[in-house]
Every structure is written in structure tokens, then in C-alpha cells.
Amino acid sequence: MTNAVVVPPLDLAPQTRSFDPAAFIEPTSRDEEWKFSAFSQLKQFFIADQSAGNVHAAGVGVNMLDIHQVASTWIPTDLAAAIARANVTEAGVLEIEAQSVHKEPIVIDLTTSTTKAYQHIEIVAGRLSDATVVIRQNLTSQINGATVVTVGDGAKLTVITIIDGDTSTALALQLPVSLGRDAYFTGALAIIGGGAVRIQNAITYTAPGGTAELFGVFLSDTGQHIEQRIFVNHDQPHCKSDVMYKGALLNPGARSVWIGDVLVRKEAIGTDTHQVNRNLVLSDGARADSVPNLELETGDIVKAGHASATGRFDDEQVFYLQSRGIPLDTARQLVVRGFFAEVLGRVGNTHWRDELLAKISQRLGIEKFEGDDE
Amino acid sequence: MSSLLITDLYAQVETDQGPKDILKGVTLKIESGRTYAIMGPNGSGKSTLAYVIAGHPRYTVTSGTITLDGVDVLSMSVDERARAGLFLAMQYPVEVPGVSVANFLRTAVTAVRGEAPKLRLWIKEMKEAMAAIQMDSSFAERNLNEGFSGGEKKRLEILQLALLRPKIAVLDETDSGLDVDALRVVSEGVNRFRDETGAGTLLITHYTRILRYIKPDVVHVFADGRIVETGGAELAEILESEGYERFTTVKS
């Protein structure tokens, strides 16, 4: 070939970072970043709203502080996030003391008392600490903001986030996680309800040896648009990332979007990364978009892989269960629950794993399975 | 006493070239306490017959009837047939990830018996049934058929037979893929089920091997979508020595 085409390097990383909303151009629904989004429900977050309140965080050891007292290292990467950061006045802060070991999960409940609210939550896990944090957010309003997680050197932190709510609600949430040397982060995100939900989960490593496991389950039903964008920025050597998201689309009009971007920089030798998204479409007229991207700037890695699949019910599985007398609805529910079991099985905390399973079962219209009490 | 009556049954499957007739006038009676064998060459439609009895959605019945004790089976859903007392041990049991054997069995038993068994009694019952077919109780915690060997899958089918206690059991190629030891265990399971419940049993098989362990009262030869010859256990011996050639070469 004589005609060489110069392809500009694709860079999955955000181009602009700023606390100033004016630094960002207002997005349109044609932008790559927003074309899969519930744009009409989320564009409200591109305009500052003085009447909006704050998301309130309650939990043992959680303090609501004036935003100016919060030493956050995270810088917004898009307009909505910058507006939230500029307009939020109070932040919920949980500091996990260095070297402390917490056997019991720390439960944080997020609530709002206004129809619109800005959110800023900071979770800082001190060096060598070991804790599980459960964030429960039952959406009742329009929320824009961030939950910023910092995992110190050698710390082990699990954050289980459960988002529920009715279809009139909207949530644009930044979920940046920063990992120190040899830090171990497990993020389990369950989206059970909510109207327009857009979550951007960005993982950065500030030193070698970090591990990030990101597990997610989501149920999308009529009137719901669940969007998850994951960005793992491998720019330190010998770090790991393991991403597994599973979603089910229950009825006509249900919508889900999963974008998984993994960037392995030149300096990130010894990287071990894997990401997978599987969706189960249970109805005609539901749509699931799934886009895994992997960009490698070095070949000197342990392994890198990604997979994505969106499928319908396996009729043979349903037939097999039915042929044993199990009614169709129960058979389908068993198959869906089984579909989620793989990812839920990786949530280490058994109490909250069961809690999630119960919530999912409930959403599928079953209070309890016959075999559950074994 | 129960009887499953199949009368002049025709069924077809949808293919890329349009509908294809598989069953071409099957008439068959299965009664309680008796054991029947359907033997036939590959592709004769004998597995289709099993699936049509169970109600697999892939097949369409175009004419004929199936009744269980006089009640129309063809109008029943798949699960209704099972609750009415029909059971199909499948040639290729399906893997269902994330659903444990214990959860599946209890859900199925609850559906078929119409009430949930008392938990303590149930665990005892399940463990005894597993021991009877030499299946380790750790299988209860495993995902349904997932990663099971061929023999393990077949044992699980027979375990279900023992727990669900159908009136009429259809065993589709239950002997295929089994070594001699596994074949003996599975056959003993079937005989025990038959002796304890007095159910009617239909064995569908290509080989006579399993008939050494499970004695049939009646042997039907199946070819080109229908029963072409009927006899006693001695017919199996003839097929063993002569093969199916005379049934496959002569076609109407």
C-alpha cells in the first residue's frame, strides 16, 4: 500500500478536567459520550439550579461537612459533574482510619428532601484498612453529583451500592475510584430501579500493584434507561482490573447501555485486565447496547480481554424446568436469577449478597423461591 | 391404574426448507405396571415422540391424539403435563447456570406434589434418593447439570424420576453415554422406581444393552416415524443379532 492513512491515536481518557463549568462545552445528544444516553431526562443537569438541595448521607461515622472543608483530589470531567461540584454545598464524608479493620459493613443511606439535589460523597479508606461500605440510595428526585472513593496504600475496600426508585427519577453520578499501592477495591453496583440513571465509574491507579474488581447487576424495565460507563485507566505497572456486569431487560421499552473502556498505557507493564458484560433481553421492544473497548499501548502485559453478549431466554432451559412441573413464570424467574448468580456470587459479603438477591427476586415478582430456605 | 394412549399421531418440525413430517401415524398404549421399549435406527423419530409427549415447543402436532387416563394431553402446557404425571428423562439434560440442584429439585417437587415438602423430611428424602443412585450429596449444591459428565446427568434424571414419581415415565436414550457400572446403577434406579410406584415405563433406545437390566414386557420397532413391528422381549434379541436393516431398507 502506498497511501498511508494516519489514524489519530484513539484515547479513551477524558479530554477536559476542571472545577469550572465554563471550561466545558454543553453536550448534544449527537456527542459520542451522550448518544446512548437518556438525554432529554439528563440535560437538566447542564444548567445550574440554585433551588436544588444536597443529597444527605447518614451512617455511623459519616459526617455532613461544608464542601469547602472537603479535600477532594477529584476534578470533574464533564459539564454535569462540574455543575454539581460548583453548586453542592455539603458533602457526606466517611473516613476509614488507617489500619482499622471493620468486620461489620458501614451502611450509608442517601436521601434528598428537595425535588432536585446535588450529591458529593467522599469515602477515604486509610492505608492498610479493611472495610465494607454499603450505600443505599432510594431515588425520589433528580440527582446530579459524585461519590468519590480513595483507597489508600494496602487498603482493602468493598463498596456495595444499591440504587432503587421509580421511573420519574434521574441520576447522573460520577463514581471515580483512586487506588494506592497494592490497594484492593471491590465495587458491587446494583441498579434495581430509577428512571434515567447514568453512572460513570472511572478507575485510576496512583501506584503499582492495585486491583479493582467491578461487579454490576442491573434490571431495566419499561420507563427505565440504565446507563453505565466504566473507564479503567491502567497507567501504573502490575495492576489488575476485573469487570463483570450483567443486566436484564424485563419489558418493552426497557433500555440499558453499557460502555466499558479499558486503556492500558505504555508504562502499565504487567497489567491484567478483563471485562465482560452480558445482557438478557426478556421482551420484544427492549434494547440493550453493549460496547467494550480495549486500547493497548503496550504488549508487555499479563493478559487483556473483553467480551460482550446480549441474548434472549434460552428456551431449552425453560423447557427443561417446565418439563419437571415448574410453571412457566417460575421457570423464567429461576433462569434470570441463575443468570445473575454468577456475578452476585463474587460479592464476598454473604449478607448483602442475599439482600441483593432478595431485591432482584422481588423486582422479578417473586417474594421467595421454594428452595431458598435451605 | 393409569394409561397413556397415543392414537394416529402426526407431528412435524419447522426446518429451513419448510415443515418436515417426523411422526407419521404413531399408535401406542402405555399402561401402569408395564414396561415398553421403543427401538429403532437413528433418525427414525423416536426421540421426537418423546419430546412431543412432553410438549416441546419445537414440534407441532398436525393430527392424532394423546390422552392420559382419558384427559387430553396435547392441550396441556409442558408443566401441566408434568404435574399430570408424565415424565421425560432426556437424552441431553439441559444445563441451567446459577440454579442449584437442591433448589431445582425442591421447586419441582413442590410444583408436582402441590405443596412444599417439610424441610427436614425433604432433606432426608433427597439425601436418601441421591445415595440410592450413588450420587454424592455434594451434587445438591452444584448448578443444575452444569459441568456434569454424561453419566452424572443421567443419574440426575433418574434422581428426578425417583422424587417426582410420575404415573408414566419416558426414558429417552437413558443408556447412551454410560459405562457398564453407570448403566447398572441407572437401571437399578429405574427398576426400583417401577417396582415401588407401579408406573408405566417407556424406554426409547437404539441398543439392546439396557434391556438386559430393565426387562420390557413389550418391544416396538420404530422406523420412519411409526411403529412397524411389535413383539415381546424376544424381539429385542432378534434385533440384536439382525440389526435394523430390514426396517430401514424397505420403505413405503
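Modeller: Start with the salt bridges. This is a predicted model, and the count comes to 30 salt bridges over all chains.

Colleague: What makes B:Arg58 and A:Glu316 a salt bridge?

Modeller: The closest N and O atoms of B:Arg58 and A:Glu316 are 3.2 Å apart. The rule asks for a side-chain nitrogen of Lys or Arg within 4 Å of a carboxyl oxygen of Asp or Glu.

Colleague: How many salt bridges and polar contacts link chain B and chain A?

Modeller: Two salt bridges are counted between chain B and chain A. The rule also finds 11 residue pairs in polar contact across this interface.

Colleague: Which element gives the most to the side of chain B that touches chain A?

Modeller: That is α3(B), with nine residues. By class, this side of chain B has 24 nonpolar, eight polar and six charged residues.

Colleague: How do you know how much area chain B and chain A bury?

Modeller: The size of an interface is often given as the accessible area lost when the parts come together. For chain B and chain A the value is about 2400 Å², with 64% of it on carbon and sulfur atoms. The contact takes 38 residues from chain B and 25 residues from chain A.

Colleague: Now look inside chain B. How are α5(B) and α6(B) set relative to each other, and why?

Modeller: Helix α5 (residues 150-164) and helix α6 (residues 180-197) of chain B pack at an angle of about 10°. Angles under 35 degrees count as roughly parallel. So α5(B) and α6(B) are roughly parallel to each other. Their axes are 10 Å apart.

Colleague: Which residues make the contact between α5(B) and α6(B)?

Modeller: From α5(B) come B:Arg155, B:Ile158 and B:Leu161. From α6(B) come B:Ala182, B:Val185, B:Val186, B:Gly189, B:Val190 and B:Phe193.

Colleague: What classes do the residues in the contact of α5(B) with α6(B) fall into?

Modeller: Seven are nonpolar, one is polar and one is charged.

Key: Residues are numbered from 1 along each chain as its sequence is written. Chains are lettered from A and ligands numbered from 1 in the order in which they are written. This is a predicted model: local features need pLDDT of at least 70, side-chain atom pairs count only at pLDDT 80 or more; totals for chains, interfaces and linings use all residues. Side-chain values use heavy atoms; hydrogens and water are left out. Axes are lines fitted to C-alpha atoms, for helices over the stretch in contact, and angles run from 0 to 180 degrees between N-to-C directions. Helices (H or I, at least four residues) and strands (E, at least two) are DSSP runs, numbered from the N terminus. Angles under 35 degrees count as roughly parallel, over 145 as roughly antiparallel, 65 to 115 as roughly perpendicular and the rest as oblique. Contact means heavy atoms within 4.5 Å. Ala, Val, Leu, Ile, Met, Phe, Trp, Tyr, Cys and Pro count as nonpolar, Asp, Glu, Lys and Arg as charged, and the others, Gly among them, as polar. Buried area is the accessible area (1.4 Å probe) that two parts lose on being put together, summed over both. A polar contact is a pair of N or O atoms within 3.5 Å; within protein, one must be able to donate a hydrogen and the other to accept it, and residues adjacent in sequence count only if both atoms are side-chain atoms.
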